[in-house]
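Subject: Structure handover: ligand site and pockets

Hello,

Here is the structure I promised. Please open it first, then read my notes below.

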Amino acid sequence: MDSISLNDGTTIPQLGFGVFKVDPAETERIVTEALEVGYRHIDTAAIYGNEEGVGRAIAASGIPRGELYITTKLWNDRQDNAPAALRRSLDKLGLEKVDLYLIHWPAPANDRYVEAWEALVGLRRDGLTTSIGVANFLVPHLEKLLASSDVVPAVDQIELHPAHQQPATIALARERGIAIESWGPLGQAKYPLLENPVIVAAASAHGKSAAQVVIRWHLQSGFIVFPKTNHRERMIENFEVFDFALSDAEMAAITALEADGAGRVGSHPDTVN
Ligand SMILES: NC(=O)c1ccc[n+]([C@@H]2O[C@H](COP(=O)([O-])OP(=O)(O)OC[C@H]3O[C@@H](n4cnc5c(N)ncnc54)[C@H](OP(=O)(O)O)[C@@H]3O)[C@@H](O)[C@H]2O)c1
């Protein structure tokens, strides 16, 4: 498993497993299967309502804590009390600390993300999370945060796939040493990515699936990626992406699928509060 070095001196497994929209009643079983398949990096959030299931799967797995990388996120209505929110998430996860804690959205209309960031800096200092970062921060949100704090987020988790690449955010993140995590890496099955002829052609050339090609594009682009699936065979498929490489020409052709805004399948960060 490849790892990415973060700006705080830690590393993160580049491929993980996301649990957005995984039914809380099914989460323990599904995360248990993902751990059996080999995933060691799980991306959850307080708002997903399934931290308890993630925690039960971790506890039952017997996998040493140091071999797991667990991310959760601060929901928007708790930006004024991040310490209480993280303690509640830790209780649900059954953990003493997470590896990465993120501000889930900037929620700019509330104008509290700078205050929340200072609280996350304190939570890292107090050992409740190893790393801290943000999600859904676009250039104006990152610029405001960076102007207000000496602590640069370790990651920015943004909606990102070949048809929605957010180049301005990525450029600023790279300039400041912020690693990019791709959410909705497969277009959430809402954008017709896996049927795209360029991706299908690369899949056929390598004897891989379209999903494997898209995941490989994220990995070779340097992004951290954690596709979600409820299905064990897809967990295996999405994990078997280290035995082939896209050529420079294939990478360029997939990168050229940028749809200039039409590829967004989630909400614009300025509209989520
Ligand atoms: N920070 C944020 O605001 C934010 C927002 C959204 C997501 N995220 C994180 O990012 C993770 C990934 O994003 P996502 O779950 O939204 O979307 P995604 O991973 O792009 O897409 C998941 C969809 O793709 C399908 N799928 C998975 N593997 C497949 C395969 N091999 N072939 C065909 N279809 C496949 C899944 O179906 P089945 O489940 O039916 O297999 C599901 O419908 C989330 O789980 C979450 O951890 C963060």
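Which strand and which helix each supply at least two residues of the lining of the second largest pocket? They are strand E5 (69-74) and helix H3 (82-93). Keep in mind that this is a predicted model.

More on that second largest pocket. Its volume is about 150 Å³. It has 13 lining residues, with Ala46, Arg78, Ala85, Arg88 and Ser89 nearest its centre. H3 provides the largest share, four residues. By class, the lining has six nonpolar, one polar and six charged residues.

Now the largest pocket. It holds about 960 Å³ of space. It is lined by 40 residues, and Phe20, Gly184, Gln188, Ala189 and Lys228 are the closest to its centre. Helices H8 (210-220) and H9 each give at least two lining residues. H9 gives the most, with three. The lining counts 19 nonpolar, 13 polar and eight charged residues.

The ligand takes up the space of this largest pocket. Around the ligand are 28 residues; Asp43, Leu186, Gln188, Lys228 and Thr229 are the closest. The shell is made of 13 nonpolar, 11 polar and four charged residues. Helix H9 (residues 232-239) leads here too, with three residues.

Some polar distances to ligand oxygen atoms:
- Arg234, side-chain N or O atom: 2.7 Å
- Gly184, backbone N or O atom: 3.0 Å
- Gly187, polar backbone atom: 3.5 Å

Alone, the ligand would expose 900 Å², and the protein buries 89% of that.

Best wishes

Conventions: Residues numbered from 1 in each chain as written. Predicted model: local features only at pLDDT ≥ 70, side-chain atom pairs only at ≥ 80, totals over all residues. Heavy atoms only, no water. Near = heavy atom within 4 Å. Polar contact = N/O pair within 3.5 Å; in protein donor to acceptor, adjacent residues only side chain to side chain. Areas by Shrake-Rupley, 256 points an atom, 1.4 Å probe, with all protein chains shown as cover. 1 Å grid on protein atoms, 1.4 Å probe; cavity = no way out; pocket = protein on both sides within 12 Å on 5 of 7 lines; lining within 4 Å. Sits in = over half its atoms within 2 Å of the grid points. Nonpolar A, V, L, I, M, F, W, Y, C, P; charged D, E, K, R; others polar. Points joined across faces, edges and corners; volume = space filled by probe spheres on them.
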